[in-house]
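Please load the model in your viewer, with the sequence panel open beside it. The stops below say what to select next and what is to be found there.

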Amino acid sequence: MSFATFTFYAFAVILIFAALRVITTRNPVHAALWLVLSFFTAAAIWLLLRAEFLAIALVLVYVGAVMVLFLFVVMMLDVNFDTMRQHFRSYLPIGAAVGALVLFEMALVIAESAIGPSTPAPPPPTGSNTEALGQLLYVHYVYPFEIAAVVLLVAIIAAIALTHRERRERKHQDPGQQVKARREDRVRLVNLPSEKPPG
C-alpha cells in the first residue's frame, strides 16, 4: 500500500466518523462543529485528487460562510430541543425512507463504477481544472447554477426573518421617551435638617 492510498483511507475513515457524529450527536452546536471537520476532511481528499480549486472553495464557502450561518441560526432561534425529542419517533418513517433512497443511489453509483461506464469518458481538459470548472458552471450549467444561487439567497433571507421575530421578553428603549425626560422627573431634592450633637 502506497502512502497516497494510506492517506486516502485515513481521511475517508475520519470523514465517515465525523459524518456519523453529525447525525448522532444531540447538541446542534456540536453537530455543526463535526460538520466543519467533515468539510475539512473532504477538502483534503479533493486535494489528493488534484482538485485544488474545489478544496479551497469548500473551505472558504462552506466552512467560512455557510457554517457561520448555521451556527448563527442555531444559537439565535431558541429552539426547545426537549420538546422536539419527544416527537422523535414520528420522524422515523420519513428519515428511513430518505436514508433508503440515499443508499439506493449510492449503490447505483458504486455498481456503475464497478461494471464500467456505458459511455466512454470525455477527454481531459487542456487547461487547468479551475478553467474546466468555470466552463461547466458558467457555460454548460449556467441556469442550474443561477437557480442554486437564488435558493441559497432565499435560505439566507428566511434565516434572517426567523431570527428577527418579535419577542415578548425582549427589553427595548423608546428614544422618544428618553428625549422627553426632565430633571424634575428624575431628581428629587430633599431638605433634611442638620443633626445636632448630643448635649
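How many Å should the 22 residues of α1 span at 1.5 Å a residue, and how far apart are its end C-alpha atoms? The expected span, which is 1.5 Å times one less than the number of residues, comes to 32 Å, and the end C-alpha atoms of α1 are 32 Å apart, so the two agree.

Before going further, note that this is a predicted model, in which local features need pLDDT of at least 70 and side-chain atom pairs count only at pLDDT 80 or more, while totals for chains, interfaces and linings use all residues. Residues are numbered from 1 along each chain as its sequence is written, and side-chain values use heavy atoms, with hydrogens and water left out.

**The whole chain**

Colour by secondary structure: the chain has nine helices and zero strands, where helices (H or I, at least four residues) and strands (E, at least two) are DSSP runs numbered from the N terminus. Of the 199 residues in the chain, 12% are buried; buried means under 20% relative accessible area, exposed over 50%, and partly exposed in between, with a 1.4 Å probe and protein chains only.

**Helix α1**

Select Thr7, Ala12 and Ala18, which are the buried residues of α1. Viewed down the axis of α1, these buried residues fall within an arc of 135°, so they line one face of the helix; the arc is taken over the directions from the helix axis to the C-beta atoms. Turn to the face of α1 that points away from the buried side, and there you find the exposed residues Val13, Ile16 and Ile23.

**The nonpolar patch**

Next select Met1, Phe3, Phe6, Phe8, Tyr9 and Leu48, which make a nonpolar surface patch of about 740 Å². Patches are made of residues with over 30% relative accessible area and no salt bridge, like charges being joined within 9 Å and nonpolar side chains (Val, Leu, Ile, Met, Phe, Trp, Tyr) within 5 Å; a salt bridge is a side-chain nitrogen of Lys or Arg within 4 Å of a carboxyl oxygen of Asp or Glu. Helix α1 (residues 3-24) gives the most to this patch, with four residues. Phenylalanine 8 is found in α1, and its relative accessible area of 35% makes it partly exposed.

**Aromatic pairs**

The structure holds four aromatic pairs, where rings of Phe, Tyr and Trp (its six-membered ring) pair if their centres lie within 6.5 Å, with planes under 30 degrees apart counted as stacked, over 60 as edge-to-face and the rest as tilted. Select phenylalanine 39 and tyrosine 62, a tilted pair at 5.3 Å centre to centre with 50° between the planes. Phenylalanine 39 lies in helix α2 (residues 28-48) and tyrosine 62 in helix α3 (residues 52-76), so this pair ties together parts that are 23 residues apart in sequence. Phenylalanine 39 is buried at 17% relative accessible area, whereas tyrosine 62 is partly exposed at 39%.

Move on to tyrosine 138 and phenylalanine 145, whose ring centres are 5.1 Å apart with the planes at 75°, so the pair is edge-to-face. Phenylalanine 145 counts as partly exposed, at 28% relative accessibility.

**Two distances to draw**

Return to helix α2 and pick phenylalanine 40, which is partly exposed at 41% relative accessibility. Finally, go to leucine 71 in helix α3, partly exposed at 22% relative accessibility; leucine 71 and alanine 31 are 40 residues apart in sequence and 9.9 Å apart in space, C-alpha to C-alpha.

Definitions and conventions: Accessible areas come from the Shrake-Rupley method with a 1.4 Å probe; for residues, only the protein chains shown count as cover.
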